[in-house]
Amino acid sequence: MNILNLVRENIKSLKPYSSARDEYKDATSDDMIFLDANENPFENGVNRYPDPQQNSVKDLLSEIKKVDKKNILLGNGSDEVLDLIFRAFCEPKEDNIITLPPTYGMYSVLANINNIENKTVLLTEDFQPKVEQIFEKVDKNSKILFLCSPNNPSGNSFSTNKVEELLKKFNGLVVIDEAYIDFSEEKSWLERLEEFPNLIITQTLSKAYGLAGIRLGVCYASEEIIAILNNIKPPYNVNELTQQKAIERLQKVEEVQQEIIEIKAERNQLLESLKEIDFINTIYPTDCNFVLVKVDDATKRYNQLIKKGIVIRNRTTQPLCENTLRFTVGTSLENERLLQALKEI
Ligand SMILES: *Cc1c(COP(=O)(O)O)cnc(C)c1O
């Protein structure tokens with residue numbers, strides 16, 4: 001597969017903006033002075049433009065995830081990364097994407113913003129991709145297939161065989177959204193990045209890494225794909241404070257690992273306790289830091305919990321999710337409060 005054939009014509013011939021920091025970045029000596037970017041010269045910690053290539057953050061990610069730096073692109077949340085992928089590869093009013101509801105809402109929002117048709121193929125009742133039906137929907141303008149695994153809101157991971165078949169047979173890009181991979185017992189597809197030239201993996205520091213507030217999304221793909229996305233990204237898309245916070249956190253991976261262990265233990269405890277609630281009919285298996293359950297009347301239960309000061313997500317309007325609620329795993333105390341409230345209503 002030639003990835004270049006998938007790129008929009010205007011993007012192929014694009015000459016990217018060259019920032020001051022792109023043209024000169026190597027401070028070779030301490031007494032060098034920078035009068036190239038029209039910054040205010042008085043030091044306050046953030047008076048300089050940030051590194052447009054976020055080298056220090058990427059060095060740490062590269063070490064932690066065992067991926068070469070040239071295969072990494074960072075964005076202002078995964079949402080920016082996903083938007084860049086749309087803008088690089090999908091021609092408005094011509095191309096289409098394939099998504100598998102129920103899934104993360106942002107794919108269809110971004111498709112709408114970019115004027116791209118979203119062809120949907122429902123997951124099975126146990127939330128797995130219907131491979132045959134997907135290929136029936138695909139046409140020559142199908143540029144991207146979005147697989148969210150582990151999937152939000154169902155919580156499960158997709159079968160490895162099915163994902164592999166999709167990766168091999170789909171003649172476009174396959175984006176695997178691994179926002180929840182750090183909570184999962186399944187392996188990341190990152191290990192197999194080199195096997196599939198059409199594979200793009202997105203991850204984020206918003207969930208397991210505990211940094212939703214700084215907005216840092218990560219994209220892993222072939223050097224070729226990363227170069228295309230790099231060409232169209234806003235030059236300073238990841239701000240200095242975000243880079244600093246990310247570096248701080250990535251230097252403390254044991255702390256992150258410990259929190260993940262605790263969240264998973266809390267999740268398993270919650271899964272057990274939820275069995276005691278008589279209006280919960282189904283507790284779906286989860287590989288994430290949330291649990292989806294089917295109840296008697298989701299909207300009624302949602303409103304009752306709000307009255308008790310507990311905000312959860314009502315997913316009842318999503319396909320295959322009638323009368324479902326999604327609970328994020330909180331601290332031990334928070335989960336106890338949730339259970340107490342569920343028992344009282
Ligand atoms: C939370 C979430 C994200 C995270 O997006 P950010 O913009 O990085 O915060 C991405 N994908 C899925 C499926 C999510 O649930």
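**Cysteines, domains and packing**

Me: Does Cys90 count as buried or exposed?

Reply: The relative accessibility of Cys90 is 2%. Buried means under 20% relative accessible area, exposed means over 50%, and partly exposed lies in between, with a 1.4 Å probe and protein chains only. Cys90 therefore counts as buried.

Me: What kind of model is this, and how are its residues numbered?

Reply: It is a predicted model, in which local features need pLDDT of at least 70 and side-chain atom pairs count only at pLDDT 80 or more, while totals for chains, interfaces and linings use all residues. Side-chain values use heavy atoms, without hydrogens and water, and residues are numbered from 1 along each chain as its sequence is written.

Me: How many disulfides are there?

Reply: A disulfide is a pair of cysteine sulfur atoms within 2.5 Å. Cys90 is in no disulfide, and the nearest cysteine sulfur, that of Cys219, is 14 Å away. The sulfur of Cys288 is 7.6 Å from the closest cysteine sulfur, in Cys148, which is too far for a bond. By this rule, the count of disulfides is zero.

Me: What distance separates the centres of domain 1 and domain 2?

Reply: The domain assignment, whose bounds come from an automatic or database source, gives domain 1 (3-250) and domain 2 (254-344). Their contact (heavy atoms within 4.5 Å) takes 25 residues from domain 1 and 21 residues from domain 2. Taken over C-alpha atoms, the centres are separated by 29 Å.

Me: Which residues touch the most other members of the largest nonpolar core?

Reply: A nonpolar core is a set of buried Ala, Val, Leu, Ile, Met, Phe, Trp, Tyr and Cys residues joined through side-chain atoms within 4.5 Å. The largest has 50 residues, and at least three residues come from each of domain 1 and domain 2. The members that touch the most others are Leu100, Leu145, Leu147 and Tyr220.

Me: Why do the buried residues of helix H7 line one face of the helix?

Reply: Helices (H or I, at least four residues) and strands (E, at least two) are DSSP runs, numbered from the N terminus. In H7 (residues 160-169), the buried residues are Val163, Glu164, Leu166 and Leu167. They line one face because, seen down the axis (the arc being that of the directions from the helix axis to the C-beta atoms), they fall within an arc of 160°.

Me: Which residues are exposed on the other side of H7?

Reply: The buried residues of H7 pack against helix H6 (131-137), strand S4 (142-148), strand S5 (173-177) and strand S6 (199-204). On the other side of H7, the exposed residues are Asn161 and Lys168.

Me: Where is Lys207 found?

Reply: UniProt, in an unreviewed entry, places the feature "modified residue: N6-(pyridoxal phosphate)lysine" at Lys207; its positions are in the numbering used here, feature names are shortened, and annotations may be inferred rather than shown by experiment. At 30% relative accessibility, Lys207 counts as partly exposed. Leaving out residues up to four places away in sequence, Lys207 touches Ala179, Tyr180 and Phe183. Lys207 is found in the loop between S6 and strand S7 (217-220).
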